[in-house]
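Please have the sequence and the model open as I speak.

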Amino acid sequence: MSESDSTTPVALSRSAAYNLANVTKTPPQFGALTPRWLTHFLEFKGLETGLYRVNKVVEGDTPLDVLCSRDPDQRDIPQGFVDYVTEPREYELNSIATIINVDTAVTDIFSSPFDQTATQISLAIESLKERQESQLINNDDYGLLKNVADSQRVEPRYGAPTPDDLDELLTKVWKEPSFFLAHPRAIAAFGREATKRGVPPVTVNLLGGTFLTWRGVPIISTDKLFVDGLKNPTSKSGKTNILLVRTGEAKRGVVGLYQTGLVREQSRGLSVRLRGVNDDGLSSYLLSLYCSAAILADDALAVLEDVEVGDYYDYE
């Protein structure tokens with residue numbers, strides 16, 4: 001066989017065949033997306049006017065006096081009334097918004113198999129919902145961390161989150177606690193501490209996810225409870241917080257708030273509106289998400305502060 005014969009193609013090359021092949025594609029993958037479990041587990045209340053007033057009763061040292069038995073020395077039924085707080089707190093919905101610009105020529109030509117406008121809006125919506133979860137936790141006005149009562153703040157005994165520490169949280173939110181909320185590294189740290197003590201947490205399947213539990217209360221993960229101020233800390237050590245939440249208006253718990261009846265409403269409290277098309281052929285969309293959170297009673301929320309997540313152990 002000659003040298004020229006050894007280099008002569010005997011079949012269609014892969015690079016040439018590639019030009020005729022259809023490529024199976026995925027939608028754009030947004031690596032920063034999370035399950036946003038907080039917004040799934042938190043009960044929400046729809047508002048008509050964007051305002052939510054939490055009326056409270058003035059709680060004295062003793063409850064309203066009542067007559068419980070037919071005491072021969074006391075025949076008259078006690079009289080009185082229950083007073084209300086004269087200046088209750090009002091929560092106003094917060095707006096989270098962004099504008100998406102899309103070239104109409106691009107969407108006309110390059111919208112198969114995925115509609116470019118729909119894809120751009122979808123990714124923007126996911127980004128807004130990520131910000132919503134962060135605001136529910138960290139907002140300076142209505143965020144859960146900023147509104148925990150002083151009496152509901154707990155320090156860990158040794159730094160790392162132990163079963164005793166979570167039990168202490170349960171003494172603060174003992175009326176029908178709904179869920180713990182913690183950074184994944186805090187959950188891992190608690191798992192190590194519980195395993196070290198011979199009481200590894202059991203798991204439960206809820207809303208399509210698998211969660212550790214403590215005393216039957218699920219431990220929900222979020223990266224919006226930062227470790228040393230970071231979502232994704234690189235250091236092995238660091239400090240964070242763990243929340244315990246009771247949710248629901250009927251339980252006098254924590255309630256998420258949103259606006260109902262929005263124009264061009266896409267989902268709960270979220271609207272998408274076309275702003276128009278300019279002379280350059282750019283279509284513009286305004287995305288607005290309205291949210292807030294209210295704590296109906298002090299004992300609906302507690303926090304374990306300054307939890308150390310970097311303690312590890314060697315098991316024999």
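The structure holds 16 salt bridges, a salt bridge being a side-chain nitrogen of Lys or Arg within 4 Å of a carboxyl oxygen of Asp or Glu. This is a predicted model, in which local features need pLDDT of at least 70 and side-chain atom pairs count only at pLDDT 80 or more, while totals for chains, interfaces and linings use all residues. Residues are numbered from 1 along each chain as its sequence is written, and side-chain values use heavy atoms, with hydrogens and water left out.

Let me begin with Lys45 and Glu249, whose side chains meet in a salt bridge at 3.3 Å, N to O. This pair links distant parts of the chain, 204 residues apart, with Lys45 in strand β1 (residues 44-47) and Glu249 in the loop between β10 (239-245) and β11 (254-259); strands here are DSSP runs of E, at least two residues, and helices are runs of H or I, at least four, numbered from the N terminus. Lys45 counts as partly exposed at 31% relative accessibility, and Glu249 does so at 36%, where buried means under 20% relative accessible area, exposed over 50%, and partly exposed in between, with a 1.4 Å probe and protein chains only.

Next, the side chains of Asp299 and Arg246 form a salt bridge at 2.8 Å, N to O. Asp299 lies in the loop between β14 (282-295) and β15 (301-308), and Arg246 in the loop between β10 and β11, 53 residues apart. Are these two residues buried or exposed? Both Asp299 and Arg246 are buried.
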